[in-house]
Amino acid sequence: MSDVSQWEQELNKMILEGQPLEAFEKFYADDLVMQENREPVRVGKETNRKLDEEFFASIQDFHGATLGDVAVQGDVYFSEWTFDCTFKDGRRVATPQVTRRKWRDGKVVNERFYHA
């Protein structure tokens, strides 16, 4: 098993166990670049941490996540997810998405989410 596969298994386990912010601290690089669909690129761990904290603070109830198919090619990892949550405004959303991560030295340096 490649290092990327091992890192992803641990990262994904933390997400599935409801520890996404702890996983972020452990596995994301300081020079991280993130992007949602075609939204503007967000640069830096601090910037992305703040946005993640705001997102998770907007959730009233987390009903679960499922991890589907995955693929690894070199330092790039793709995974299919569905996240089910109710936001504080009362909307319940089950969002399917594909996550693409690029790794360097045990840290995610680039992550992009593709979803409807």
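Start by selecting Trp 7, Phe 27 and Trp 103: ring pairs link them into a cluster. Rings of Phe, Tyr and Trp (its six-membered ring) pair if their centres lie within 6.5 Å; planes under 30 degrees apart count as stacked, over 60 as edge-to-face and the rest as tilted. Keep in mind that this is a predicted model, where local features need pLDDT of at least 70 and side-chain atom pairs count only at pLDDT 80 or more, while totals for chains, interfaces and linings use all residues. Residues are numbered from 1 along each chain as its sequence is written, and side-chain values use heavy atoms, with hydrogens and water left out.

The structure holds six aromatic pairs. Pick Phe 24 and Tyr 28 next: they are stacked, 4.8 Å centre to centre with 20° between the planes. Phe 24 is buried at 3% relative accessible area, and Tyr 28 is buried at 6% (buried means under 20%, exposed over 50%, partly exposed in between, with a 1.4 Å probe and protein chains only). Then show Phe 55 and Phe 56, whose ring centres are 5.3 Å apart with planes at 70°, so this pair is edge-to-face. Phe 55 is partly exposed at 39%, as is Phe 56 at 31%.

Now over to the strands, which are DSSP runs of E with at least two residues, numbered from the N terminus. Select S1 (residues 28-36) and S6 (residues 107-115): they run parallel, joined by five bridges (strands pair if DSSP finds at least two bridges between them). Gln 35 stands opposite Arg 112 in S6. Last stop: S1 also pairs with S2 (residues 42-43), antiparallel, over two bridges, and Met 34 has Arg 42 as its bridge partner in S2.

Conventions. Helix = DSSP H or I, 4+ residues; strand = E, 2+ residues; numbered from the N terminus.
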